[in-house]
There are 2 protein chains.
Amino acid sequence: MKSLINTLPLGTELNEKEGVQNHPMLAPHGGNLTPATLATGLTRQDFLDFSVNINPLGPPDCVQDICSRSIDFLGEYPDPDYGELKKVVADAVGVSTDWIAMGNGSTELIYLLPHLIAPGKEAVIVSPCFSEYERAFRQADISVRHFTLDPSDNFNLPVDQFLFQLRQYPDLGGIVIGSPNNPTGNLLAEDAFRTLSVYCEKRGIFLIVDETFIDFASPQRSFIKHIATARHLILIRSMTKFYSLPGLRLGFAIMNPESVRKLEAHQPPWSVNGLAKAIGMALVMDKKYCEQTRYFIQREKNFLYENLQKISAIEVFPSDANFILFRLLAENEDKAKHFFEAFLFQGIVLRNCANFVGLDHSFFRLAVRSRKDNRLFLSKAGKYFHSISG
Amino acid sequence: MKSLINTLPLGTELNEKEGVQNHPMLAPHGGNLTPATLATGLTRQDFLDFSVNINPLGPPDCVQDICSRSIDFLGEYPDPDYGELKKVVADAVGVSTDWIAMGNGSTELIYLLPHLIAPGKEAVIVSPCFSEYERAFRQADISVRHFTLDPSDNFNLPVDQFLFQLRQYPDLGGIVIGSPNNPTGNLLAEDAFRTLSVYCEKRGIFLIVDETFIDFASPQRSFIKHIATARHLILIRSMTKFYSLPGLRLGFAIMNPESVRKLEAHQPPWSVNGLAKAIGMALVMDKKYCEQTRYFIQREKNFLYENLQKISAIEVFPSDANFILFRLLAENEDKAKHFFEAFLFQGIVLRNCANFVGLDHSFFRLAVRSRKDNRLFLSKAGKYFHSISG
């Protein structure tokens, strides 16, 4: 097999747009098939995309009808206050409307977060973490420090050690941590959260918890139950990963009303498109789809996890999300590239994690897909490791 | 008639969200019927909305099919580089792809403009002008000055006087001017543009021309013909006003590739939703709709203009856009409120222009609608002025 990416320097500036699109292993995010098509000559339809973290069940039925008459929702400017949408979302998560900020995807909200942090303050990102937080802070000239989690402890937060570290940073304005975290998949433990939150409230530090994958785990594990008492707690939520509509763009954040107002003062009007509003209002009513999804993801994740664990050449990490992180053992860069390409040319796209701070090219993130797709991956993985070991 | 807004202080902070929504005359933008429904008890369907500046013909036919299968465009993340969409848009306007920035509506791009302007620099807005420019600059801590156009000269730019003024501002980083301008409707004259552009290039000042209504006038009147030589020229375009899809959110800007890269470095990924991409690619092919629209708007605008001119109680301003600005003569605030409410309670929403810098409550902007709607407005206006004069 011709190695297309053999000569690429791993660890180059991956958030830069230029040049990245032709290097499929180095794509800055999952879910972008363009580099894979360019590298292989295959079409988008030829690929099974294990690099994207969306619900494999596809959108719920309630969306079909709204989509078929989508033109009805495009003829007017969106309500600039998102009043109706906020009401429905707020009711669904159990807060008042003024605790909700809506966004053109959760990503828009991430880019508004720096406005909450005073000039001269810095941010700590518990890493590995979704890379857009760092980009959002840096573009706003906020210094970013990383606190790196340890794979040998399953990426759990060692909260005492973390607090010790935080005490060294007198200008701290914000902390970002994922729960379940992307790409590691683990939830932040309740006691670690409590300790951290008390510390943040004392120092007036915003504690930003990315809960964009919480619906795949369990809504009961959300830290929303602490929102009323934790003035500096901010929860980031997505409505399109779980509902398999990433092209729609809809997310929200839950935080103190004062913070909502500050954040919205910097938000362009009409960010949330008319179709996203209509669909968003229907989605939160669909409890059955949520249960089906969690049942399905749990079952398939277990299936994948158990079978991945049988492969001695990899280490698998436990996950509370809809994806699994694993690591090639006894690897080197060339072997990681060989592994990635072997799947790519068979039409399977994986998410290499080299561009996550705290990980390297030996880490791969695998989306949970249908049993058929998961079986196919496992079968190819079995053959791959058999052929290279034998 | 009960006056709902008699006691409102006109000229309050209109860009503040709080409190505005219940005062229909003081809504910060047109096209938001919520305040009108709240004030009157009428439903959205009861209103003819003359306050919104969109194409009265409704979306072109080519959109119907795409909309009916919109779910097909929501299942994948949007291409973060918008490559295909940029190519089609760039071809349509006659520039290379790297001169195009795409946005979640032109408004997103307006909010990214401050990143092009060096810290400490200030901006001049030729006013009256679309109010989001000022909000975007101010939220980025860029000082804003207004150069106010004179109604008695039909809001034309007195370019020599303007340049004289600009020379007093040593820290100028950007100038904003609309063509056709909102809400005045007039195009910037070609010779005034040339003089201004030469001056801006010499001083390294960004010249931002809002051309969101240019398709209603004539694409030939766009200043895009100067884009290759004017390094600091930025043209802002909307794709949803002309195509009657304001809920879709799609706009673009045309500028030097270096500026595109700088601006995109601050843009969240996936801002343009999947349906907007699919529809955007179809829209630019539909030349017939463009011609039909221009013919229709021209005819109806003339009809409205000629008949408005017959009303001696108002002054009408000539327009190259799809709306007409007029002014109540011999007015006072109470009379303006009375006028606005008289129409509101008959289900007709006008855009009062009190919150445009350089205008006051005596100015109203009227969208060009269908002959039937236009006739209805003229008939009611005739009766109104007859009754108050008689």
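Reply: What follows is a walk across the contact between the chains, with a few local details at the end.

Keep one point in mind from the start: this is a predicted model.

Start with the extent of the contact. Chain A puts 51 residues into the contact, and chain B puts in 51 residues. Together, chain A and chain B bury about 4,400 Å². Of that area, 54% is on carbon and sulfur atoms. Three residues stand out on the side of chain A. They are Leu74(A), Tyr77(A) and Trp270(A). These three supply 16% of the area that chain A buries against chain B, more than any other three residues.

Now look at the polar side of the contact. The rule finds 25 residue pairs in polar contact across the interface of chain A and chain B, with both residues at pLDDT 80 or more. Which helices of chain A give two or more residues to the side that touches chain B? They are helix H2 (61–68), helix H4 (106–112), helix H5 (132–139) and helix H10 (274–283) of chain A. H2(A) gives the most, with four residues. Sort the side of chain A that touches chain B by class, and you get 22 nonpolar, 19 polar and 10 charged residues.

Next come the charges. Side chains of opposite charge can pair when their charged atoms come close. The rule counts 33 salt bridges over all chains. One of them pairs Glu76(A) with Arg44(B). Glu76(A) sits in the loop between H2 and helix H3 (83–93) of chain A, and Arg44(B) sits in the loop between helix H1 (34–40) and strand E1 (48–49) of chain B, so this pair joins two chains. The closest N and O atoms of Glu76(A) and Arg44(B) are 2.8 Å apart. That is inside the 4 Å cut-off for a salt bridge. Across the interface of chain A and chain B, the rule finds two salt bridges.

How are the two chains arranged?

Now for the aromatic rings. A pair of aromatic rings is described by the distance of the centres and the angle of the planes. The structure holds 50 aromatic pairs over all chains. Among them is the pair of Phe339(A) and Tyr384(A), which is edge-to-face. Their centres are 5.3 Å apart, with 75 degrees between the planes. This pair links distant parts of the chain: Phe339(A) is in helix H12 (residues 333–344) of chain A, and Tyr384(A) is in helix H13 (residues 371–389) of chain A, 45 residues apart.

Last, the backbone. Most residues other than glycine have a negative phi, and most peptide bonds are trans. Phe155(A) is not a glycine, yet it has a positive phi of about 60 degrees. Find Phe155(A) in the loop between strand E4 (144–148) and helix H6 (159–166) of chain A. A cis peptide bond joins Ser179(A) to Pro180(A), with omega about -5 degrees. Pro180(A) is in the loop between strand E5 (172–178) and helix H7 (190–203) of chain A.

Note on methods: Residues are numbered from 1 along each chain as its sequence is written. Chains are lettered from A and ligands numbered from 1 in the order in which they are written. This is a predicted model: local features need pLDDT of at least 70, side-chain atom pairs count only at pLDDT 80 or more; totals for chains, interfaces and linings use all residues. Side-chain values use heavy atoms; hydrogens and water are left out. Contact means heavy atoms within 4.5 Å. Buried area is the accessible area (1.4 Å probe) that two parts lose on being put together, summed over both. A salt bridge is a side-chain nitrogen of Lys or Arg within 4 Å of a carboxyl oxygen of Asp or Glu. A polar contact is a pair of N or O atoms within 3.5 Å; within protein, one must be able to donate a hydrogen and the other to accept it, and residues adjacent in sequence count only if both atoms are side-chain atoms. Ala, Val, Leu, Ile, Met, Phe, Trp, Tyr, Cys and Pro count as nonpolar, Asp, Glu, Lys and Arg as charged, and the others, Gly among them, as polar. Rings of Phe, Tyr and Trp (its six-membered ring) pair if their centres lie within 6.5 Å; planes under 30 degrees apart count as stacked, over 60 as edge-to-face and the rest as tilted.
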